[in-house]
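Thanks for coming, everyone. Please have the model open on your screens, and we will walk through a few spots.

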Amino acid sequence: MSTLQGQKSKTSVLFAKYWKRLGIVFLLFIIFLTGGITVYISSLDISKLQTPLARPSYLYDQNGNRISQLSSSRIEPVTGQQIPLVMKNAVIAVEDRRYYEHKGVDLRSIIRALYRDIISGDFSEGGSTITQQLAKNLFLASDKTLARKLNEAAYALKIEAVLDKDEILVAYLNQIYYGEGCYGLQNAAQLYFDKEVEDLSLPESALLAGLLKAPSIYSPLNSKEKSLERRNIVLALMKEQNYISLVEYQKALVQPIVIKKGSLKDLSGQYSPYVDYVIEEAINRIGFTEDQILKGGLKIYTQMDPLVQKAAEEVYEESHYFPKGTSDQLVQSGVVLLDHKTGGIRGLVGYRGARVYRGLNHAASSQFLRQPGSTLKPLAVYAPALEKGYNSDSTVEDHPLNINGYNPQNYDNQYRGYITMQEALRHSWNVPAVWLLNKIGIDSGVDFVQRCGITLDKEDHTLSLALGGLSQGVTPLQMAQAYGAFANHGVMNKAYAISKITTDEGTVLYLAQPEATQVTTPSVAYMMTLMLEDVVTNGTGENAKLSRPTAGKTGSVELPQTKEFADISKGVKDVWFVGYTPELTAAVWMGYDNTDHNHYLTTSGGSEPAVVFREILSRALESTPVVPFEIPEEYIEQNRLSNKLYKWFEEHFKR
């Protein structure tokens, strides 16, 4: 008996040792498993969640109206302070009632959901907390597998360890899908109710919270009945969980669904030709980065006039105003319209055809320079001649000319002898312009052109300057800016598009400073205006004539004198029109990006460019009262009869 008892005792000891060892192994397994899970969770990268959401930047026109949106994201984020408490509570009540009790994973809910998933075999059951849903939306694929659910739980635990509950809830509301292609609470508020997030009421908040389960089913735009039923369920849950009182519940319950569909305020793509230039100016001239512009939530105030910009874009969409191109290459063009009194760019189109984001800008890019042809004559010849005492009636020579081997020709190969300076400019004769530049001195022409903000190389200090023969070239923006000095009594204002850039909160990051240059005297500027008015009224610029005072100059650039073009008798490379009214100055350029034997123009600056100028300005200024060019006091004083008689007396007798 004692032997049997001894054996039993020995067996008990062995079993005890076995279970003890098994317990130790199990404990070690739990420790290693827990450690492994902890290491895995800590290794998860949730930096995307901690990085501030890209906020769209908005552009404003000259009157402070929002006109366009720049963004790299479909979401417009809001802060926790902007989201009403009733909206937060509505989402918690319907999506995760134990939100403030769990640490990212609600074990009760997940065990219940896993049981149902195992029974069904498709892992489609819910049970995910708000934190898990956020993790799934940001970091995981949407496949319905056990591995994905475990990963979701791991990410949720990591998120809860890093962010507080309010930060998680705000991130969730900013990321979640609300139906109708709409992501984020701000966009949802705008789409369904045409209001800002902070203005959402209790019934509206409950409706949006109810959408999250199945946006397509409960969308009020698809079924008001289902949406109302779902909204009322959310209200009941809010009352049950003491987020709202019985009185608030009853009052909200009887409210009908009132949808005021907004446009999401998505202004992306609006005025894209102008916007492209604004981006370039912000980067290249002011020093912002593209990321700051697209993601920084900036407010960019511009000088754009929507009427002017719209007129320019409409004309550029009508192909019959432009020379016909070839099947493989479009005739390109660029136009700039300035307020010469300030330098503000009121309108700009830098290309024809489909938009290429930050593509080649034919209106303003320093990467695209073209010779200005005869549009340079007022700057290089006639204005400096006026400064030296010439006037529109002064005599110039139109005879065969050969100056040190340079022998310019008129485009019709004819000569007219002695003509007035006005006649020479009116018909854009080349020989008189070269003759006059030679008379006043090349340095005088170079000096005036450079005063107008146009850089000249040493190679440009020749008589060919009179005809716009530059080694590098100019942009329409430069030409409009230069002619603006004639329109503004000799004062040239540097062209700019951006007036001010601020943060979303209003902190000023950049403020434009006016840059004005007194290029010439008010009297010379006005005399030049009178001469350029005659060009439009009686000369090569007749196609630019408006039903209001208009001044301007045409320009054409001949094909290069190379073997490739030797057999082409009538062809040009570039055509221009630069002109102004009392309100606006504009420059239009047309030509091929790549000029070759099969791609050249057979038109002139007085044809399509002048017509485009006329069409844009007639539409842009349609409702603007007609006013004359203002006559400067200096000019009036200099041209009083008594002053003229005294000057004549001094010249002929006193001397």
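Which residues does Thr 585 touch, not counting residues up to four places away in sequence? Contact here means heavy atoms within 4.5 Å. The list is Val 336, Leu 337, Leu 338, His 340, Ala 480, Tyr 483, Gly 484, Ala 487, Gly 579 and Tyr 580.

Some ground rules before I go on. This is a predicted model, so local features need pLDDT of at least 70 and side-chain atom pairs count only at pLDDT 80 or more, while totals for chains, interfaces and linings use all residues. Residues are numbered from 1 along each chain as its sequence is written, and side-chain values use heavy atoms, with hydrogens and water left out.

Back to Thr 585. It sits in strand β14, residues 585–591. Helices (H or I, at least four residues) and strands (E, at least two) are DSSP runs, numbered from the N terminus. Thr 585 counts as buried because its relative accessible area is 0%. The cut-offs: buried is under 20% relative accessible area, exposed is over 50%, partly exposed is in between, with a 1.4 Å probe and protein chains only. The Thr 585 side chain also has a polar contact with the side chain of His 340, at 2.7 Å. A polar contact is a pair of N or O atoms within 3.5 Å; within protein, one must be able to donate a hydrogen and the other to accept it, and residues adjacent in sequence count only if both atoms are side-chain atoms.

Next, helix α8, residues 185–193. Nine of its nine residues are buried, so the helix is mostly covered. What covers them? The cover includes α3 (85–95), α7 (165–175) and α9 (202–211). After α8 comes Asp 194, with a positive phi near 55°.

Now salt bridges. The definition is a side-chain nitrogen of Lys or Arg within 4 Å of a carboxyl oxygen of Asp or Glu. A search of the whole structure gives 21. One of them pairs Asp 106 with Arg 98, and the closest N and O atoms are 2.4 Å apart. Asp 106 counts as buried because its relative accessibility is 4%. Arg 98 is at 19%, so it counts as buried too.

Then look at Arg 619. Its side chain meets Glu 314 in a salt bridge, 3.7 Å from N to O. That pair links distant parts of the chain: Arg 619 is in helix α22 (residues 608–620), Glu 314 is in helix α15 (residues 306–316), and they are 305 residues apart. Arg 619 is partly exposed, at 25% relative accessibility. Glu 314 is partly exposed at 32%.

Arg 619 also forms a salt bridge with Glu 318, 3.1 Å from N to O. Glu 318 lies in the loop between α15 and β4 (332–339), so this pair ties together parts 301 residues apart in sequence. Glu 318 is partly exposed, at 24%. Shared partners join Glu 314, Glu 318, Arg 614, Glu 615 and Arg 619 into one salt-bridge network.

Last stop: Leu 22. It lies in helix α1, residues 2–43.
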